[in-house]
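Here are my notes after going through the model you sent.

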Amino acid sequence: MADVIANSLPDRSVVIFGGTSGIGLSAAQQAKAAGAKVVVVGFDPAGAERVAAENGFAGWRAADVTRPETIVAALADIAHVDHLVLLAGTFVAGKVLEADVAYLHRAFNERVWAAVHTLRALGDRLATDGSVTFISGVLADRPNAYGTAVLAAASAGMEALARGLALELAPRRVNTLSPGTTDTPLLARTLGEGRDAYVAALKEKLPLHRLGTPAEVGAAVVFLMSNSFMNGETLHVDGGSRLV
Ligand SMILES: NC(=O)c1ccc[n+]([C@@H]2O[C@H](COP(=O)([O-])OP(=O)(O)OC[C@H]3O[C@@H](n4cnc5c(N)ncnc54)[C@H](OP(=O)(O)O)[C@@H]3O)[C@@H](O)[C@H]2O)c1
């Protein structure tokens with residue numbers, strides 16, 4: 001079994017937007033361990049360069065996925081992509097009646113429109129026997145009243161987009177990974193000093209009484225890339241958090 005996993009992406013060209021931190025970084029590390037040549041794309045060029053060097057990735061790029069011209073530039077010299085993974089994003093939170101609408105647009109710009117622009121930028125350089133993996137999240141199924149409705153809509157939108165693109169881009173496979181709350185730098189970036197209290201309260205409620213790890217969620221990204229019959233699917237890796 002270990003050999004199957006070790007060789008599940010032999011010499012495949014994998015590009016991971018959001019591959020410089022958290023879930024994406026673990027996915028990149030595991031894809032490399034499975035034999036892939038991985039290029040990670042982050043927002044911060046210095047961070048992307050450092051992460052790629054530390055992990056021995058095949059390359060790195062920097063882009064702002066809300067600015068299509070930077071996506072085009074980041075992909076310009078990549079000849080061929082077998083597996084494209086789009087995980088870049090931030091926690092866009094704000095109540096519909098209160099938040100700045102331009103800020104709320106960001107939830108869709110980072111996800112739905114970033115995916116559209118990235119696929120258009122790649123065009124037929126995306127292998128026909130390859131795959132695309134998006135990310136949504138437990139909010140798509142379990143909303144709350146704390147200013148996450150637009151983010152939930154954008155996340156659910158990725159699931160619908162993947163199903164449509166599984167037909168439009170066929171025979172390329174297109175799937176979405178939906179993680180539960182995962183212990184990545186995103187939580188501290190978003191919640192600052194409130195992170196620990198938030199996590200403690202959440203753990204009480206969750207069936208497994210813990211958050212997901214980047215390795216658990218990253219492994220599911222590699223599964224979606226490497227299992228050649230997974231298509232049009234939303235894979236929930238959430239420890240059962242949709243049940244509570
Ligand atoms: N963690 C969770 O609980 C959770 C749950 C559900 C869904 N998600 C989603 O999963 C994805 C990854 O989350 P994570 O927890 O792994 O977060 P993370 O550790 O903060 O990593 C975010 C990644 O996205 C990149 N990024 C952010 N904004 C970008 C932009 N405008 N353009 C290009 N790259 C950008 C970051 O690059 P830099 O490092 O250079 O900034 C980094 O590589 C996000 O879309 C998040 O919404 C996370």
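This is a predicted model: local features need pLDDT of at least 70, side-chain atom pairs count only at pLDDT 80 or more; totals for chains, interfaces and linings use all residues.

1. Let's start with Leu75: once you set aside neighbours within four places in sequence, its contacts are Ala121 and Leu122. Leu75 sits in helix α4, and it counts as buried because 21 other C-beta atoms lie within 10 Å, where 20 or more is the cut-off. Have a look at Arg61 as well: it is 14 residues from Leu75 along the chain, yet the two C-alpha atoms are separated by 8.1 Å.

2. Those Leu75 contacts belong to a helix pair. The axes of α4 (residues 68-75) and α5 (residues 101-122) come within 9 Å and cross at roughly 40°. The crossing of α4 past α5 is right-handed. On the α4 side the contact is made by Pro68, Ile71, Val72 and Leu75, and α5 brings His117, Thr118, Ala121 and Leu122. Sorted by class, that contact comes to six nonpolar and two polar residues, with no charged ones.

3. Next, follow α5 to its other partner here, α6 (residues 149-168). How far apart are the axes of α5 and α6, and at what angle do they pack? The axes are 8 Å apart and the angle is about 10°. Angles under 35 degrees count as roughly parallel, so α5 and α6 get that label.

4. From α5 you have Leu104, Ala107, Phe108, Arg111, Val112 and Ala115, and they meet Val150, Leu151, Ala154, Gly157, Met158 and Leu161 of α6. By class, the α5 contact with α6 has ten nonpolar residues, one polar and one charged.

5. Now the ligand. It is surrounded by 30 residues, and the closest are Gly22, Gly42, Gly89, Gly137 and Thr184. Helices α2 (22-33), α3 (45-55) and α7 (185-191) each put at least two residues into this shell. What is the make-up of the shell by class? There are 14 polar, twelve nonpolar and four charged residues around the ligand.

6. A couple of backbone spots deserve a check. The peptide bond from Ala170 to Pro171 is cis, with omega near 10°. Pro171 is in the loop between α6 and β6 (173-179). Then there is Asp11, whose phi is near 55°, a positive value in a residue other than glycine. Asp11 belongs to the loop between α1 (2-6) and β1 (13-17). Buried or exposed, which is Asp11? Exposed, because 9 other C-beta atoms lie within 10 Å and the cut-off is 12 or fewer.

7. Last stop, the loop between α8 and α9, where you'll find His209. Its phi is near 55°, again positive in a residue other than glycine. His209 is exposed, with 10 other C-beta atoms within 10 Å. Arg210 is placed in the loop between α8 (195-205) and α9 (214-226) too.

Note on methods
Residues are numbered from 1 along each chain as its sequence is written. Axes are lines fitted to C-alpha atoms, for helices over the stretch in contact, and angles run from 0 to 180 degrees between N-to-C directions. Helices (H or I, at least four residues) and strands (E, at least two) are DSSP runs, numbered from the N terminus. A crossing is left-handed if the near helix is turned anticlockwise from the far one by less than a right angle, and right-handed if clockwise. Two residues are in contact if their C-beta atoms, placed from the backbone, lie within 7 Å. Ala, Val, Leu, Ile, Met, Phe, Trp, Tyr, Cys and Pro count as nonpolar, Asp, Glu, Lys and Arg as charged, and the others, Gly among them, as polar. Angles under 35 degrees count as roughly parallel, over 145 as roughly antiparallel, 65 to 115 as roughly perpendicular and the rest as oblique. A residue is near a molecule or strand if its C-beta atom, placed from the backbone, lies within 6 Å of it.
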